[in-house]
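Every answer sets a computed value against its definition.

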Amino acid sequence: MAVAPILTGIGIISTTFLSLRFARFVYLYLRPSSLSQYHYGDDPWALVTGASDGIGKNLAIELARNGFNVVLHGRNPGKLESVADNIRQQYPMRKFRTAVLDASSASPQEISDLVSSMEDIHMTILVNNVAGGQIVQPLTNTTPEQVDLSLNCNARFPAQLTRSLLPRFAASKGRSLILNIGSAANSFVPYATVYGGSKACNQAMSTSLNVEMVAENLASKIEILCISVGAVTEAAQNKAPVSLFTPAASTMAKAILERVGCGRPLVVGYFWHAVQLAFLGAMPMSLTTWIVAPIMRERWEDEKRKQ
C-alpha cells in the first residue's frame, strides 16, 4: 500500500481545515456590524449597566452615535448624571435616562422594579456590562464582602436583570439583543480567582441561554452574544498607556458593537486580544501557567507596594 498518497491527502485536508479556520477568524473582524437591525420602531432604547466609566460609558456613547436612546445604569447618581449630561451635549437629538441601583446588593425585587420603571420605552438592547471585584490579590487576602461583591455584580445581577427582561423581549414585535460583556480573565488568571470565576459564570449563562433561545424557537427574535474582553485602559481599574494589546475603552466599545450579528454566541471583541488568546490557547497548559503565574505575581507585588 502506497503511503505517499495517504500522507498527501492528510496534508491537503489539514491545510484546507486550517485555512478555513483562519479565514473564519479574520472574517469575524472584517464583516460589517448588524447593530442597525435593532434600530427600529419609534425611539429605540438601549440599557447599559455599569455606564459610569470605562467600557460602559463608551458603549453608551457609541450606541447614541448609532441612533439609540440610552438608559445609563450605575450606583453613583452624581457621576451617572454627569456622564449622561456629557453624552447629551454630544448627541442632543438622543434621549437619556439614568437608573441608579447598586449591582452588588440589589435585591430581586429592586431589579424587577428597575425593569418595571422602563415599561414606557421601546427597549431593543440590553448590555450587561457592570462588573465588580477587579482586585489583584490572593484568595486568602480576599474578604467575604469582596467575594460577595464579585459574585453579585458579575453573575447574580446580570442573571436577574436578564431574567426580568426576557419576557418583554420575547413578546416584542421585532428583534432584541442581549449583549454580555465577559472577560479573558475567566480562567488561568491567578490573583483574580473570584472575579474570573464569576465572569466565567456570566459567559456560561450567556452561551447556555443562546441554545435555550434555539430550543424555545426564539433565536430569530433574540440574539444572545457574549464578548470576551482583555486588558483595557482609560477605565476605572486601569490608567496604563494605550498599546497594541491594551486598547482604550473607547476602542473596545467600538469593537464590541462591531461584533453584533456575527452569528456566534461567544467571541473575543478586539482583534489583538483574539490573537493574544489564540497564541496562549495553542500552548500546553503547563507552559501557559509558567508564563502567566510570574506576571500576575508581579502585579500582586505592585499592588502591595501601593498599599
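Q: What makes β1 and strand β2 (residues 69–74) a pair, and in which sense do they run?
A: Two strands pair if DSSP finds at least two bridges between them. β1 and β2 are joined over four bridges, so they count as paired, in the parallel sense. Within this pairing, alanine 46 stands opposite valine 70 in β2. The model is predicted: local features need pLDDT of at least 70, side-chain atom pairs count only at pLDDT 80 or more, and totals for chains, interfaces and linings use all residues. Residues are numbered from 1 along each chain as its sequence is written, and side-chain values use heavy atoms, with hydrogens and water left out.

Q: How do you know that β1 and strand β4 (residues 122–128) are paired?
A: Five bridges join β1 to β4, and the two strands run parallel. Alanine 46 stands opposite isoleucine 125 in β4, and valine 48 stands opposite valine 127.

Q: Why is strand β1 (residues 44–48) called mostly covered?
A: Buried means under 20% relative accessible area, exposed over 50%, and partly exposed in between (1.4 Å probe, protein chains only). Five of the five residues of β1 are buried. Pro44, Ala46 and Val48 point one way from the strand, Trp45 and Leu47 point the other way, and all are buried. The strand itself is a DSSP run, as are the helices (H or I, at least four residues, for helices; E, at least two, for strands; numbered from the N terminus).

Q: Why is β4 described as largely enclosed by the rest of the structure?
A: Six of the seven residues of β4 are buried, so the description follows from that count.

Q: What makes β1, helix α2 (residues 54–65) and β2 a β-α-β unit of a particular hand?
A: A crossover is right-handed if, with the strands pointing away from the viewer, the path from the first strand over the helix to the second runs clockwise. The unit made by β1, α2 and β2 is right-handed.

Q: What is found where β4 meets strand β5 (residues 176–181)?
A: β4 and β5 pair in the parallel sense over four bridges. Asparagine 128 stands opposite asparagine 180 in β5. The chain crosses from β4 through helix α5 (residues 144–171) to β5, and this β-α-β crossover is right-handed.

Q: How many disulfides are counted, and by what rule?
A: A disulfide is a pair of cysteine sulfur atoms within 2.5 Å. By this rule the count is zero. For cysteine 226, the nearest cysteine sulfur is that of cysteine 262, 11 Å away, so cysteine 226 is in no disulfide. Cysteine 262 is likewise in no disulfide, its nearest cysteine sulfur being that of cysteine 226.

Q: Why are cysteine 226 and cysteine 262 called buried?
A: Cysteine 226 has a relative accessible area of 0%, and therefore counts as buried. Cysteine 262, at 14%, counts as buried by the same cut-off.

Q: What makes aspartate 302 and arginine 305 a salt bridge?
A: A salt bridge is a side-chain nitrogen of Lys or Arg within 4 Å of a carboxyl oxygen of Asp or Glu. The closest N and O atoms of aspartate 302 and arginine 305 are 2.2 Å apart, so the pair qualifies. These residues are three apart in helix α9 (residues 285–306), which means that about one helical turn separates them. Aspartate 302 is partly exposed at 29%, whereas arginine 305 is exposed at 56%.

Q: How do you know that glutamate 303 and lysine 306 meet in a salt bridge?
A: Their N to O distance is 3.8 Å, so it lies within the limit. Both residues lie in α9, three residues apart, about one turn of the helix. Glutamate 303 is partly exposed at 26%, and lysine 306 is exposed at 65%. Elsewhere, salt bridges that share partners join Glu62, Arg65 and Lys254 into one network. The whole structure holds 14 salt bridges.

Q: Why is glutamate 258 called partly exposed and arginine 259 buried?
A: Glutamate 258 has 39% relative accessibility, so it falls between the two cut-offs. Arginine 259 has 2%, and is therefore buried. The two form a salt bridge, with the closest N and O atoms 3.7 Å apart.
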